[in-house]
Amino acid sequence: MPLHDTPLALLGYPADAARRLRDLGLTALSLPAEPLAKVLDACAPLAFTGALIAPALQAAVLAASRPDSAAKRAGAADALSFAGGLHSTHTLPDALLDALEQSGYPVRGAHALIIGERGDLGAGLALTRLGLSSLTLAASSHPDAEQLLKDLPRGVRAHATTRQDSALPTLAERADLIVLTAGMMPPGVLQPFHALLDLTGRAGTTATRAGASLVPLGQLPELRLSRRLVHATGQRFAPDALSELAGLF
């Protein structure tokens, strides 16, 4: 596959990740992360199309760029485009929707309890675009939950609480779907009638013990990398072509 001459910047990733991208026909360069502002300023004149951002740098890149609504909600930017400025995004919410559509789980009409931290909960809130009937949002603090609910579409019935709320197990009894976006599952929440969407990858054992079913996320890492590459390069890659690379990013 021929290499594209216009390079992709990798911020916070090792040189090996850049070499592996050559299999996709991409020219990628691992750049120093510091001083971040000067590195970013130099990318556009050097004709980089965009950048993939490692987790440790995503908050700093958000502050140095022009974030879209997804990046603002997450408080992090995982991809940059240098076309017309430093345009950043956070791709997890849209990639999650892609994965759920692949799974066939019937989100429309479901009642959801979404548990996490403020920066991660945006991925769970994206489920409203698939037709959630109602949701309860459990963040680290009540103000955090209330702030996030302001971003919901009109007509979505929602309730704000905290993950420490002693009434959380009772609130969970009204939900069909439990979504864990960060941290540990609070005790007593999962029941056998629940489906669990676990974005942490750590709650599977808890779900099994509770008799709850796991919603398969299938190619979520590949779907997310595909969206990041679209934003950073303008090129679309099939998730199947990214299976050996997604774990690096």
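Contact here means heavy atoms within 4.5 Å, and helices (H or I, at least four residues) and strands (E, at least two) are DSSP runs numbered from the N terminus. The structure is a predicted model, in which local features need pLDDT of at least 70 and side-chain atom pairs count only at pLDDT 80 or more, whereas totals for chains, interfaces and linings use all residues. Residues are numbered from 1 along each chain as its sequence is written, and side-chain values use heavy atoms, with hydrogens and water left out.

Helix α2 spans residues 36–43, and its residues L36, V39, L40 and C43 are buried, a term that stands for under 20% relative accessible area, with exposed meaning over 50% and partly exposed the range in between (1.4 Å probe, protein chains only). These four residues lie on the same side of α2 because they cover an arc of only 95° around the axis, the arc being that of the directions from the helix axis to the C-beta atoms. The exposed residues K38 and D41 are carried by the face of α2 that is turned away from its buried side. The buried residues of α2 pack against the strands β1 (8–11), β2 (28–31) and β5 (79–81), and also against helix α3 (58–63).

Helix α3 contains L62, which counts as buried at a relative accessibility of 17%. When residues up to four places away in sequence are not counted, L62 touches P67, A71, K72, G75, A76 and A77. Between L62 and A158 there are 96 residues in sequence and, C-alpha to C-alpha, 28 Å in space.

Attention now turns to charged side chains. Side chains of opposite charge can pair when their charged atoms come close. A salt bridge is taken as a side-chain nitrogen of Lys or Arg within 4 Å of a carboxyl oxygen of Asp or Glu, and by this rule the count comes to eight salt bridges. In one of these, the side chains of D78 and R224 meet at 3.0 Å, N to O. This pair links distant parts of the chain, since D78 lies in the loop between α4 (69–74) and β5 while R224 lies in helix α10, 146 residues apart. D78 is buried, with a relative accessible area of 0%, whereas R224 is partly exposed, with a relative accessible area of 21%.

D78 also meets R228 in a salt bridge, at 4.0 Å from N to O, and this pair likewise links distant parts of the chain, 150 residues apart. R228 is found in helix α10, which covers residues 220–233, and counts as buried at 2% relative accessibility. Leaving aside residues up to four places away in sequence, R228 touches Y13, L52, I53, D78, A79, T91 and F249.

A further salt bridge joins the side chains of D98 and R227 at 2.7 Å, N to O. D98 lies in helix α5 (residues 92–103) and R227 in helix α10, so the pair ties together parts that are 129 residues apart in sequence. With a relative accessible area of 19%, D98 is buried, while R227, with a relative accessible area of 32%, is partly exposed. D98 and R227 are linked with D94 and R129 in a network of salt bridges.
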